Amino acid sequence: MNSLLPAPAMNSASSRFYKLCATVLNTASKRHQSTYRRTRKRLNIKPDPAFLPSKTEAHDHIIYNPPPSMPNIYHTPTIFLPKDDKRRLLQQQQSQPQLAAGTSTGVSSNKAKMPPPVRQPYTKKYHLKEGDLEEMRRLRTEDPDTWSANKLAKKFDCSVLFVSIATDGIATRKKLQQELVTEVVKSNWGTKRRLAREDRAIRREKWYSDA
Amino acid sequence: MKAVRLLRWSGSVLSPRTRPEFFPIRQSIHLIQCRTQATAAATIDHIEEASDLSPSQPAYIPEDVLTRLPSPPIEASRTSAKLAALHARLSLPSRLPIETLARTLVDQTADHNPKFNNSSFSVLGNDLLAYYTSEYIICQYPRLPLAVVFAAMYAYCGPKALATITREWGVQPAAAPGGEVDPGFLQFMRLPPEPQPERLGPELVSTQSAMVASPNNPNIVEKRRRSISNRTVYDDEFGEPKSSGIEQSIDLSQGVTMEKASANFVRAVIGAVYLHAGRAASKQFYKDHFMSRQLNMASLFQFRTPTKDLSKLCAREGFQPPIARILSETGRLSRHPVFVVGVFSGKEKLGEGAGSSLDEARTRAAVAALKSWYLYSPLDWKLPSDTEEANAKQWVPQMVDQGDVVV
């Protein structure tokens, strides 16, 4: 079972291989070589021990060393399975010995460190009252140029999305003005920039369908 | 009550099919005989006449008679090598007479007489096809959103798929329909050779409002909100507006596209198998030719706000709110960084995505998590139609989901 688990990232087979290749193929400081023979000889590297015949196994056996790949979405995560699905019990049984093997005690396995979050998770405050919202709308109506959505969000300590919902339909003139400016800027783009921007938009659409 | 046992290629059980418009002008016994199928309708003279003919030598029909017929005579189907080969190639049940197979190849634009074209078969076949396909999709993936179910229905039994199946079965179209044509060809009146813009199929079924023709007058295009539940009630099995009867009558005089004729042929074959060989045989035929086709359901999804959808889903199901976490990254400050981000609910990983920016990886991870929610498939799913047979197992109710997330 332990041999199937991936090795720690620092000592993985591929990282060692790439380091070796880098040292072997670094010919920057060396003199000109007229043939490829020396390089070929240096590239004849002993394979990773994972691919060599095992010393513990007497007979032929299967070497399980798959390349890294994205998880299959047809393998439903345990939490998504209905309560009465048989796979739920199976996956729980499968995951428990691994946790025990990875850590010395069960207590520390519960406190296993999670990877760092992309954004710091926050809790919603719900601190704004009706009076605050009226103040927000008043500022936006009186001087939309000074009181942009961003500034209002900072002043009232809320998100820009909330400001846009609260002050929806107030500064229509500013919105139209901004659209006009964007149009003028876009009309000055050349073919290359326009194509690059369009390609980027197409690639972005793929985020929402591929997986 | 005595059970009626059908014979092999039992042409004798077919209802009499005659062409009334030919009786007054044609006194020739040949024609009456060649367009009359059952012994029940024929007079004694005709039977005697028929028994005189040896089976190896079919009745001779003069060319001028043949060319007057809109579709090949029924006798011709018994001698057509193409038809027999098609019957064998599709391993159709032996109870399906070869004459009926010939009739499924005649489109209603080739022969307007409903006794000689496949229109009645194709109506039945279409209903069977829609029923079998929808139960297959919904029982296999009970959580699938309805928009995806429509797209999957179109991919399994839409006109494009049926046209492909016709090609795969090796059925060729005749250049023009007529009595002298080999009955093994697919016969339909072609559209005049002018550019006909094909209507695009619902590859991505949108849930937004769309321009729809009003049911009363197809010329008036009105803007109406077409919600998904609206589609289930008013639209056809692919979530598209039903075509009106006026449009069909215009088609009949003009001709049809090859795609439409092929689709009608495949539907008619299923209808004919059902009528002649029964429910079990038609189910088997469907399994062999339709359930064996592969469709990647995951490619039919298109989300708008995946991260929002996922947090709504977690709130609805009582999971902890989803948090995106960086599993691994490389080259953050380089030109080609790669981030691998996983979405976690508590300690459970819901999905994983890779991308060249944190935003991309996070979005892809949310999409993967949503897809793995929607593409849940029970271990032992069973079709309702499988329990119709006498010796079937007890029906166990399938899982019914709450429905897709509405943001």
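In this predicted model, the contact between the two chains draws on 47 residues of chain B and 31 residues of chain A. Together the chains bury about 3300 Å², with carbon and sulfur atoms giving 62% of that area. If you want names to look for, B:Arg325, B:Arg364 and B:Tyr376 supply 16% of the area that chain B buries against chain A, more than any other three residues. The count of salt bridges between chain B and chain A is zero.

Packed helices are described by the angle and the distance between their axes.

| Helix pair in chain B | Axis angle | Axis distance |
|---|---|---|
| Helix 14 (residues 306-317) and helix 15 (residues 358-374) | roughly 45° | within 8 Å |
| Helix 7 (residues 119-140) and helix 8 (residues 146-157) | about 130° | 10 Å |

Helix 14 and helix 15 of chain B are therefore oblique to each other, and their crossing is left-handed. On the helix 14 side the contact includes B:Pro306, B:Leu310 and B:Arg316, while helix 15 brings B:Arg362, B:Ala366 and B:Trp373, among others. The residues of this contact divide into eight nonpolar, two polar and four charged.

Among the residues in contact are B:Leu129, B:Thr133 and B:Ile137 from helix 7, and B:Val149, B:Met153 and B:Tyr156 from helix 8. The contact of helix 7 with helix 8 counts ten nonpolar residues, two polar and no charged.

Terms used
Residues numbered from 1 in each chain as written. Chains lettered and ligands numbered in written order. Predicted model: local features only at pLDDT ≥ 70, side-chain atom pairs only at ≥ 80, totals over all residues. Heavy atoms only, no water. Axes fitted to C-alpha atoms, helices over the stretch in contact; angles between N-to-C directions. Helix = DSSP H or I, 4+ residues; strand = E, 2+ residues; numbered from the N terminus. Parallel < 35°, antiparallel > 145°, perpendicular 65-115°, else oblique. Left-handed = near helix turned anticlockwise from the far one by under 90°. Contact = heavy atoms within 4.5 Å. Nonpolar A, V, L, I, M, F, W, Y, C, P; charged D, E, K, R; others polar. Buried area = accessible area lost by both parts, 1.4 Å probe. Salt bridge = Lys/Arg side-chain N within 4 Å of Asp/Glu carboxyl O.
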